[in-house]
Amino acid sequence: MRAVVIAFPEKKWENYTVPVNGKPMVKLTEERLLMSKRVGEIFTVVRNNKLKAYSLHVMNPLPVNARSKMEALFKAVPDGPFFLAEGNMPLVMPFLVNYLVGLFYENEPEALIPVWKDGTAEIAHAIYDPDALADAIDAALAEGYRSLSSIAEFLEYEPVSIEELTKRNPKVTLSFFKVRNSFDVSFAERALNEP
């Protein structure tokens with residue numbers, strides 16, 4: 001299966017090249033995805049004007065000219081099903097990716113999205129059918145939505161309970177951790193260095 005990594009800053013403070021354990025976190029995210037047995041190819045969606053900077057750090061940069069992450073993803077949807085991650089998720093767990101890919105191929109839903117107990121969907125840690133996702137993004141954009149998190153409203157997706165996954169392996173929650181500031185960098189480095 002392919003993986004698509006969104007490294008598309010919308011806010012000035014978003015920087016996917018911040019070093020975590022001496023590597024840009026977007027590169028670390030790619031490496032963690034490739035550690036799973038089910039991901040064979042990764043494309044990283046970047047801003048067109050940042051291609052030079054990101055091409056130093058990522059394997060297959062995909063330059064896109066868009067106003068938001070949602071528009072960028074719409075323009076970069078691949079041909080087949082894919083796992084989506086955000087470039088600031090360097091703790092993505094390979095075993096969770098393998099498990100979700102297995103579930104997806106078992107049932108082949110429009111999307112397979114991990115969901116918290118309160119109903120919050122982890123949009124940037126899910127598997128999508130490309131046609132269903134493109135239709136959902138198109139509908140969301142037509143309704144005036146710009147946030148990536150709104151696409152769940154336009155998909156008939158299969159939810160996967162994060163709490164149920166946590167009962168099997170407590171480290172699953174680390175997979176959804178996003179690095180946003182220097183405190184997050186410190187936490188990610190500690191988590192990566194634990195045995």
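Guide: The model is a predicted one.

Two elements of the fold can be followed from here. Helix 3 spans residues 69-76, and strand 6 covers residues 82-86. Helix 3 lies across strand 6, and likewise across strand 1 (2-7), strand 4 and strand 5. Relative to strand 5, helix 3 runs at about 115 degrees.

The sheet itself is open and consists of seven strands in the order 5-4-1-6-8-7-9, with mixed pairing. Its edges are strand 5 (61-64) and strand 9 (158-161), each of which pairs on one side only. On average, neighbouring strands of this sheet are turned by 25 degrees against each other, direction ignored. In general, strands of a sheet pair through backbone hydrogen bonds, in either the parallel or the antiparallel sense. Strand 4 (residues 41-47) pairs with strand 5 in the parallel sense, over four bridges. Within this part of the sheet, arginine 47 has valine 64 of strand 5 as its bridge partner.

Helix 3 also packs with helix 5 (residues 130-142), at an angle of about 145 degrees and with the axes 10 Å apart. The crossing of these two helices is left-handed. From helix 3, the residues Met70, Glu71, Leu73 and Phe74 take part; they meet Leu133, Ala134, Ile137, Asp138, Ala140 and Leu141 of helix 5. Of the residues in this contact, eight are nonpolar, two are charged and none is polar.

Definitions and conventions:
Residues numbered from 1 in each chain as written. Predicted model: local features only at pLDDT ≥ 70, side-chain atom pairs only at ≥ 80, totals over all residues. Heavy atoms only, no water. Pairing = 2+ DSSP bridges. Axes fitted to C-alpha atoms, helices over the stretch in contact; angles between N-to-C directions. Contact = heavy atoms within 4.5 Å. Left-handed = near helix turned anticlockwise from the far one by under 90°. Nonpolar A, V, L, I, M, F, W, Y, C, P; charged D, E, K, R; others polar.
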